[in-house]
Amino acid sequence: MPANVQNALPAPRSDAIALLSDQSSTHSEIAKVPAIAPADQRPQSAGQPELDRYTHYLLARLTAGLSPAACANAFFDWGMHMATSPGLQLELMGEGIRQWMRLAAFGQEASVANEPLAPSVVTSPHDHRFVSAGWKQFPFNVYAEAFLLGEEWWHSATTRVRGVEKQNLNRVDFITRQMLDVFAPANFVATNPDVLQRTQSEAGLNLLRGYKNYLDDLKRLRTREAPPGAEKFKVGETVAITPGKVVFRNHLIELIQYEPTTEKVHAEPVLIVPAWIMKYYILDLRPENSLVKFLTAQGFTVFIVSWRNPDADDRNIGFDDYRRLGVMAALDAITTITGDHKVHATGYCLGGTLLATAAAAMASENDDRIATLTFLAAQADFREAGELTLFVDESQVSFLEDMMGEQGFLDSAQMAGAFQLLRSNDLIWSHVVNDYLLGERQPVFDLLAWNADATRMPYRMHSEYLRSLFLNNDLAEGRFKVDGHAIALTDLRAPIFAIGTETDHVAPWRSVYKFNILSDTSVTYLLTSGGHNAGIVSPPGTSHRSYRMATKQPNDNFVDPDTWYKTTPKHEGSWWPAWAEWLARMSSGWVEPPSMGAPEKGFKPLCAAPGTYVLQK
């Protein structure tokens, strides 16, 4: 880590959180973490006045954590280059005139058309704002046409300027797109045919219901209540109900071991490390879509990490604490309970990044307890991490550090805003239209209820993650250090199974695909339909699911992702059985199921699944 980053953070604590490794001690003991540091001892940039940091904190609360300086810098860079590009200005002027003529011609045609006429502008397959039959009728098709032509023009204006830093160009395009989306005709009563029809048929009662929904959402936002209907999905009662026991607990994790459902099990157990930005039970929702239940039914002994929800007192917990007290502590417990068998290690999202660092560190020390590595929508190289990179530069990270430094963590609501912006049409404006204009509450399903059950991120850990991994890309480029030594993913020898999802905005599939060039081992890459969450929670029987899968051996030539996509056969259905078959091939045989915990070795069952950490708010 660069020296300026080290100066900005407190020295690592050797005694704040100790890994409970004494087998004769009680493993359920919770390590103590120091209370929140006094203001003059909190991490801050070298020489930064406290007033500046507090000012940035207050400003961040108004901007949802987005740095105004970063946004202003992007528009200044774009504006200066645009101002000195008269040729491009003339081209854009000509394009604007042609689009006005095109709109006039379309408006004339639409006004006299005898049949419904859809807007002529081709939209993204994921843009559903103008798909209903009402948008093919005059004058609403003209409204949609005018808006979409305006979007096209602004996209040209914000992406064709030469000389602008790529991140600034993408940021200007993204912000402009968000601003245009506010004024889409679908968002207003007078210009949305579906809302107008509903308002006329119900004499405005839909707007009254929508206003009540709006007031209810405001109340829930202030009190941090879950969305209406989420109460039907209670952890331990209707979701996260696969039978199991918490067999280990420290300050950061509860380790859950699930009961076997087959007479014999594969010798190698499965360890699942989810991201601590989420509650683990996304992989154990209802019995019908529980990946945990599916794996136990295939004869695997399954362990999963349930992360503690940190608070201000955990501000100094670092990324390496998550490695030691998370992955390594879980591996120690599992190998003791199962009799020193190797482990099929699986990481989801940020948990996969953590697992990659732990596995590389283990490889450098010739620790071969990992049989295989599976990465579910996880990245190790962040150079092409999608639109999330728009929010990560020096200005943005420093701004976030000042905000987190004051409160000790990054709050779930502050994280949610950035993710919603990535899919604003689906997550923001469709909600406005359906809930407030049409007056319809969208039904809450298990995945949506889980999404509302969010967590926090400790200040130190998130700062280290953003700087070392996201901003500097240290893990992929061989600079990330564990215990003072640089680690490299090329040291990995365990076979890898990497899964990307086609419409992932958090971990784009081409970024996940880079495991093919980051490691020197066998890599099986699978690309499934769906997004970051729905693509992973894809049980057999789910409609409209498909996947592509191919294996690259160490000596095979590299195939770029686009060529891979074109040449790899498509299979209909869920990817779960394909992964289970791969795990079975990588296993050494069938054995008797291990005991639930190992009381004689200090790993006695502490409580029933789902445990206590998952219930923390």
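This is a predicted model: local features need pLDDT of at least 70, side-chain atom pairs count only at pLDDT 80 or more; totals for chains, interfaces and linings use all residues.
As a reminder, strands of a sheet pair through backbone hydrogen bonds, either parallel or antiparallel.

**Around the sheet**

- Strand 1 (residues 244-249) and strand 2 (residues 253-258) run antiparallel, joined by 5 bridges.
- Within this pair, Gly 244 stands opposite Tyr 258 of strand 2.

**Two crossing helices**

- Helix 3 (residues 68-83) and helix 6 (residues 166-182) have axes that come within 9 Å and cross at roughly 105°.
- That angle makes helix 3 roughly perpendicular to helix 6.
- Residues making the contact include Phe 75 and Trp 78 of helix 3, and Leu 169 and Ile 175 of helix 6.
- Sorted by class, this contact has 8 nonpolar, 3 polar and 2 charged residues.

**Nonpolar cores**

- In soluble globular proteins, nonpolar side chains tend to be buried together.
- Here the largest nonpolar core has 134 residues, and Leu 255, Leu 271, Leu 295 and Leu 373 have the most contacts inside it.
- Helix 10 (residues 319-338) gives the largest share of this core, 11 residues.
- Beyond its neighbours within four places in sequence, Leu 373 is in contact with residues including Ala 345, Phe 497 and Trp 582.
- A second, separate core has 15 residues, among them Val 121, Leu 148, Leu 149 and Ala 186.

How values were computed
Residues are numbered from 1 along each chain as its sequence is written. Side-chain values use heavy atoms; hydrogens and water are left out. Two strands pair if DSSP finds at least two bridges between them. Helices (H or I, at least four residues) and strands (E, at least two) are DSSP runs, numbered from the N terminus. Axes are lines fitted to C-alpha atoms, for helices over the stretch in contact, and angles run from 0 to 180 degrees between N-to-C directions. Angles under 35 degrees count as roughly parallel, over 145 as roughly antiparallel, 65 to 115 as roughly perpendicular and the rest as oblique. Contact means heavy atoms within 4.5 Å. Ala, Val, Leu, Ile, Met, Phe, Trp, Tyr, Cys and Pro count as nonpolar, Asp, Glu, Lys and Arg as charged, and the others, Gly among them, as polar. A nonpolar core is a set of buried Ala, Val, Leu, Ile, Met, Phe, Trp, Tyr and Cys residues joined through side-chain atoms within 4.5 Å. Buried means under 20% relative accessible area, exposed over 50%, partly exposed in between (1.4 Å probe, protein chains only).
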